[in-house]
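Subject: Structure for you to look at

Hello,

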Amino acid sequence: AVEAVRRLREGGFDNVSVDVIFGVDGFGGHSLERTLQGILDLDVEHISAYHLTIEPTTRFGRALAKGEIKQVSEQCSEDEFMAVHQALTAAGYEHYEVSNFAKSGYRSRHNSSYWTGSQYLGIGTGAHSFNGEERRWCEQRVEEYIQGVIYGSETLSADEKLNEYLMVSLRRIEGFDLQTVADKWGTKAAERIAQSCKPFVERGWLVKNGDNFAIPATHFLVSDTIIGELFC
């Protein structure tokens, strides 16, 4: 990975992003510190840091079922999340989304389009598209795709659109705007959400600024809990 970044720099690329996985049993503590320092030494413009998620049908999932590996504890997850946050923000990176850090002016434009509800077109096997109302995807294997494209699709209901707005907004440091909720989904929805936000504001998990509600980056780890409580 280090060699790949070196080659990119030699090739003239001035905008490089790297990924790191944490929350891996046996690779925390000093090992994680060395990894983070190694990334900082590369001086890249963007860093995505993901907590390992073990899916049942993967090689990790099968190894977990056999007891060959184990998942880290919730306390370990929290400790490692904070270690990543503190190391990267101290080095000048903005923690602008749950799993993403960037130098000033280098936020991911591609990923940000998903988080802001923009329309996008996907072409090819497994590709997804969204036109603001309908989500489409191509499910075929390559061999089937060559024979002719057949898409699956779903049209989002008003509640689903609201849920998605809350979900993607609260993954970002900008959060969501209650007036936007009222304008698009009605005052009752806005009032319900405002009420649901109160206990999280009291705990410091949400910060209220006028009509804006946002999760501080240090509490991004509990974003799923907050989002789930606000959903329709």
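The largest nonpolar core has 39 residues, and Ile47, Phe176 and Ile193 touch the most other members. A nonpolar core here is a set of buried Ala, Val, Leu, Ile, Met, Phe, Trp, Tyr and Cys residues joined through side-chain atoms within 4.5 Å. Buried means under 20% relative accessible area, exposed over 50%, and partly exposed in between, with a 1.4 Å probe and protein chains only. At least two residues of this core come from each of β1 (17-22), α2 (29-42), β2 (46-51), α4 (74-90), α7 (158-170), α8 (178-185), α9 (187-203) and α10 (223-230). The largest share, 5 residues, is from α9. Helices (H or I, at least four residues) and strands (E, at least two) are DSSP runs, numbered from the N terminus.

This is a predicted model: local features need pLDDT of at least 70 and side-chain atom pairs count only at pLDDT 80 or more, while totals for chains, interfaces and linings use all residues. Residues are numbered from 1 along each chain as its sequence is written, and side-chain values use heavy atoms, with hydrogens and water left out.

Next, the rings. There are 6 aromatic pairs, counted when the ring centres of Phe, Tyr or Trp (its six-membered ring) lie within 6.5 Å; planes under 30 degrees apart are stacked, over 60 edge-to-face, and the rest tilted. Phe176 and Phe213 are stacked, at 5.5 Å centre to centre and 15° between the planes. Phe176 is in strand β8 (residues 176-177) and Phe213 in strand β10 (residues 212-214), so this pair ties together parts 37 residues apart in sequence. Phe176 is buried at 0% relative accessible area, and Phe213 is buried at 2%.

Phe200 and Trp205 are also stacked, because their ring centres are 6.1 Å apart and their planes at 15°. Phe200 is buried at 7% relative accessibility, and Trp205 at 16%. The charged end of Arg203 sits over the ring of Trp205, 3.9 Å from its centre. That term requires NZ of Lys or CZ of Arg within 6 Å of the ring centre and within 35 degrees of the ring normal.

Last, the sheet. It is open, with 4 strands in the order β1-β2-β4-β3 and mixed pairing. The edge strands, β1 and β3 (94-97), each pair on one side only. Strands pair if DSSP finds at least two bridges between them; β3 and β4 (residues 100-102) run antiparallel and are joined by 3 bridges.

Regards
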